[in-house]
Structures are given as C-alpha cells and as structure tokens.
Amino acid sequence: MRVNWTGGRLTFRLDPEDEITGRAADEHPVKLATNTCTIAGVPDDAHPDLFAVAAWTVVAPWTRRRITFDRAVSADVAAALHDGWGVDAGPVAAEPRRTGRALAISYSGGADSVAAAAIYPDAPFVHFRRVPHPRVPNRWPHYRSDVLAKLAARTGRDLTTVSSDLEFTLAEPRPGYPEHHAVAAGALLLADRLDLGGLAFGYELGSRWLGGDRYLLRYTPDNPMWAPHGAWGRLFAAAGVHIVLPVGGVSEAVTMRLALNSDLKDYVRWCLIGTDGPCRNCAKCLYKEIIQAAVERRPLDTPIPPTSGKAKKWLQPPPYGGQEMIAYGLARIPGIEHTMFAKALDHFEATEESTRWLDHCYPPSLDEIPPPWRDQAAAFLTTHVGLMTDPERHRVESWGS
Amino acid sequence: MMRVLVPSRLRAKVRAWLDSHYVPIADHRRDLQDAHRETRALRDELAALRAEVKRLKETPPPPAPDTCRLAHETAQALDGLLQNEVLLWQAVDELRSAGPGAVPDRGTEARPCA
Ligand SMILES: [Zn+2]
C-alpha cells in the first residue's frame with residue numbers, strides 16, 4: 001500500500017499483494033470502493049505520525065505486507081504497525097510526536113458518547129460528519145449526518161466538526177468506517193492544533209470487554225481494537241494520542257441512564273435516520289428502546305409491529321452482540337411477555353438479580369484510562385454508578401464461555 | 001277581471017293529460033330525496049377526488065420501475081468501474097516498478113518477419 005496526502009485529501013494505491021477484498025481488525029471482510037477520500041478542514045502541517053495513523057484507519061483492511069507513506073514516520077509508529085499487523089512501514093526518519101496534554105471526545109451524539117461527555121464536562125468535542133463522495137453514488141441519503149452535526153453544535157461544547165467522505169471508500173457491506181478507528185481520522189489530524197494526548201470514545205463494556213459489535217462475543221481482555229495494549233491502542237499511543245474509553249467498563253444501560261440524566265440529554269440521538277427525533281422504526285431505535293424502557297422501568301413503547309423483521313435478531317437463540325442488554329431488558333420491562341419479545345424469553349433465564357452486574361462498572365476499565373484522565377473518570381463512576389463486586393466481575397470474565 | 005270559460009270537454013281532456021304527466025306527490029317527494037342523496041354522494045366523491053388531486057400534486061410521482069432498476073444497475077456498474085480503476089493503477093505501478101525490461105516487447109511480436 002502506498003499513501004499520499006494532499007492537504008486533507010488521501011489517495012492510496014495497492015501494492016501487488018494487496019486485494020480489493022480485505023479484512024478489518026474485527027475480522028469482518030470489507031470490499032474497497034475507491035481509493036481516494038477527503039478529510040476537510042484539517043491542517044496540512046500535522047506531525048507525520050498523525051497523517052500516517054489517520055491513513056492507516058482507512059487503508060488497514062486492504063494492506064497485506066507493507067505500507068509506504070509520503071512522508072517519513074517515527075520508528076515508534078513503524079514498530080507499532082509491524083508488531084500489530086506484521087506490516088513493514090516506511091520511510092522511517094521522523095522524531096516521535098510528543099503526547100499532548102488535552103483530552104477530546106470523539107462525539108457521535110449517541111448515548112454512549114454523551115455519557116463519556118458527562119464524565120469530562122470540560123473536554124472539547126470532535127464530531128465526524130459524513131458527506132457524499134464525489135465519485136461514489138450515495139445510496140444512503142436517509143442517513144442524516146446533517147441533523148447529528150446540528151445537534152452536536154447545540155450542546156454548547158467546544159466543538160470541531162470534521163466533514164469527510166472516507167466512509168465511501170468501503171463498498172461492502174455498505175458505506176461505513178473501514179476500521180472503527182476511522183471515525184478518529186479527523187481528530188488525529190487536528191491533534192497538534194488541539195494539543196491532544198488522548199481521544200475518548202463512547203465504546204462501552206459490550207464493545208471493549210464482551211466482544212460485542214461485529215466481534216467475538218466472548219470476554220476479550222486483549223481486544224485488538226480497544227485494549228491499550230492491543231494493536232490499535234499501541235499505534236495511537238505511538239502517535240501521542242491515547243485511546244481513552246471512559247465508559248468502557250459500563251453497560252449500555254448505564255450509559256443510557258447517564259446520558260438521560262446529563263445536561264446534554266436534549267441532544268442525545270442514536271438514530272441516524274430521524275430528523276425531528278429518533279425515527280422509532282429502525283432496528284437501532286428498537287434496540288435502544290429496549291434499553292431505555294428497562295432503565296425507566298416502563299412498558300415497551302414501539303410502533304414496530306410484532307411481525308416485523310427488525311425484531312428477528314433478538315428472537316434467535318444467543319449468541320449475538322448486544323445480547324447482555326436484551327437479557328437486561330427482558331428482566332426489567334413490565335409486560336415484556338406480551339410483546340414481540342415473548343418468544344425471546346425462552347432463550348434467557350434473565351432476572352434482575354442475574355443482570356445486576358450490568359448496572360455497575362468493571363474496575364479494570366478504570367486502570368486502562370491513562371493517568372492524566374483516570375481519577376476524574378474513577379471518581380465519577382464510583383459516585384454515580386458504583387463498582388462491580390467480585391462475583392459481578394466474574395460475570396464479565398466468564399462471558400461467552 | 002276576466003274569466004275564461006273553458007268548455008267542459010276540453011277541461012276533462014286537460015285534466016287527463018295532467019294526471020298522466022304528473023306523478024303523485026308521494027312519488028315526487030321520494031324522487032326529490034333520491035336526487036338529494038345522489039347530489040350529496042356526488043359532492044362527497046368530488047371532494048375525495050379533489051383531495052386525491054391535491055395529494056398527487058404534492059407528492060412526487062413514483063419513479064417508473066425502469067428508473068429504479070437503471071439507477072441501481074448504474075450505481076453497481078460504477079462500483080465495478082471504480083474498483084477496476086484501482087486494479088489498473090495497481091498493475092501500472094507493478095510494471096513501472098519492475099522497470100522497462102519487464103514490459104513485454106510488443107513491437108517485436110507485431111513484426112515476426114522482421
Ligand atoms: Zn431510528
């Protein structure tokens with residue numbers, strides 16, 4: 001792979017061994033759509049390691065053996081690429097980037113990143129906004145990134161919105177981040193300007209420790225995407241921007257509760273479709289409604305008919321990502337046995353007692369937060385959430401086994 | 001005031017003619033009611049039609065089935081083109097980096113008798 005930056009415009013070319021169909025860090029096969037993308041409004045004099053890591057968040061799935069950058073990187077970044085992916089990176093000549101002092105929040109507007117924002121009320125936001133790609137037809141116009149950007153602007157936080165078409169480099173399964181970390185590409189290029197030493201993501205317990213999302217569905221202390229000692233964690237650290245997961249130890253029930261109790265509750269939006277509010281009709285809205293109903297201890301309120309395919313995933317026997325939250329919901333939503341989820345009750349023996357661990361914070365997640373930002377998160381989560389007991393910790397550590 | 005005297009035979013004829021031409025009052029009333037009902041129904045139908053016209057004017061016409069298919073196929077074809085472009089550059093770069101000796105000498109192939 002050879003990458004070239006012109007300002008914020010990235011162009012990349014495949015080496016002979018690279019292929020159109022690649023694999024992301026979560027082992028998901030991904031197909032390349034096109035080899036250019038743009039990240040708008042970023043400085044063109046950022047440290048070369050920042051350009052390198054930003055490029056890697058886009059091209060990693062399609063790179064097999066080596067990557068050649070258009071400007072020399074530090075030996076630290078080259079080593080992180082080699083150790084993490086077995087990829088030879090060069091040229092190597094730059095001094096490493098000094099870790100910055102500030103922490104910014106990669107803010108999506110969803111409940112998880114709002115919860116992260118609640119923990120650090122003074123941290124600035126960097127918001128990634130999808131814009132159309134000039135060369136790829138946009139078959140997803142219902143994705144309302146403009147609405148999300150407006151909501152982010154109304155939070156009153158110090159906000160930098162980065163517009164990018166980088167999701168359109170991915171043809172299949174559909175436009176999206178080639179790697180989950182591509183959401184940070186803009187923040188990385190802004191890291192010198194914002195003096196960033198850390199970037200906080202809203203990834204929660206399921207994603208960090210339970211192998212959720214598109215991942216393994218079992219306890220994952222060495223999660224390559226989010227563990228500080230994993231490939232991505234080490235690469236970001238090498239560029240002086242540590243990955244910080246302030247809500248990495250709490251479930252989506254907790255992030256939902258924290259978000260709904262926060263100053264930013266009016267701007268929370270996990271649905272990518274609705275304009276005046278969540279659409280209430282998409283699969284994600286249904287999933288979040290289960291969590292919200294459980295947190296608010298009220299009956300399920302959804303316009304989705306029981307026969308809809310959107311509930312299908314949750315009616316299958318486990319395992320699947322987000323399964324712990326379905327169990328949590330089934331145990332707490334009044335009248336759940338009269339909803340489309342009646343059948344799902346057969347697959348779970350969920351009680352409030354058996355799902356209470358999901359109301360508390362997994363302590364090792366606090367140890368993973370770099371020292372400059374650890375105490376603030378630990379104090380907040382100890383006060384507002386509470387730490388898991390040893391038996392509760394065991395629930396995390398035996399997940400999926 | 002003048003009174004016109006009509007011969008009784010004629011009067012009888014006229015009455016017979018009138019009787020045959022005018023329906024009884026009860027029938028007449030029923031006819032009127034029917035007409036009323038029909039008018040009301042027509043009015044409702046007209047209102048519904050007007051609403052339909054308004055709705056059709058406001059919503060864009062559904063795309064013809066061909067439009068959908070063509071848009072879909074064009075987008076898919078473009079995906080293929082963009083991917084081919086990437087692969088072409090990959091091949092070009094491979095040849096370039098291998099040096100001129102690696103390029104097959106098509107000139108000689110074209111002139112086997114030279
Ligand atoms: Zn929705």
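1. A quick cut-off before anything else: a residue is called buried when its relative accessible area is under 20%. C285(A) comes out at 5% relative accessibility, so this cysteine counts as buried. C361(A) has 0% relative accessibility, so it falls in the buried class as well. Keep in mind that this is a predicted model.

2. Staying with cysteines: the structure holds 0 disulfides over all chains. As a reminder, a disulfide would be a covalent bond between the sulfur atoms of two cysteines.

3. Now to helix α1 of chain A, which covers residues 48-59, 12 residues in total. From first C-alpha to last it reaches 16 Å, close to the 16 Å expected at 1.5 Å a residue. Of its 12 residues, 11 are buried, so α1(A) is largely enclosed by the rest of the structure. Among the buried ones are D49(A), F51(A), W56(A) and T57(A), along with L50(A) and V53(A).

4. Next, the sheet. Chain A has an open sheet of 3 strands in the order β3-β4-β11, with antiparallel pairing. The edges are taken by β3 (21-23) and β11 (170-172) of chain A; each has a single partner strand, so one side of each is left without a neighbour in the sheet. On average, neighbouring strands here are turned by 50° against each other, direction ignored.

5. A closer look at one pairing: strand β4(A), residues 29-32, is joined to β11(A) by 2 bridges, and the two run antiparallel. If you want a residue pair to click on, K31(A) stands opposite E172(A) in β11(A).

Technical notes:
Residues numbered from 1 in each chain as written. Chains lettered and ligands numbered in written order. Predicted model: local features only at pLDDT ≥ 70, side-chain atom pairs only at ≥ 80, totals over all residues. Heavy atoms only, no water. Helix = DSSP H or I, 4+ residues; strand = E, 2+ residues; numbered from the N terminus. Expected span 1.5 Å × (residues − 1). Buried < 20%, exposed > 50% of the residue type's maximum accessible area, 1.4 Å probe, protein only. Pairing = 2+ DSSP bridges. Axes fitted to C-alpha atoms, helices over the stretch in contact; angles between N-to-C directions. Disulfide = S-S within 2.5 Å.
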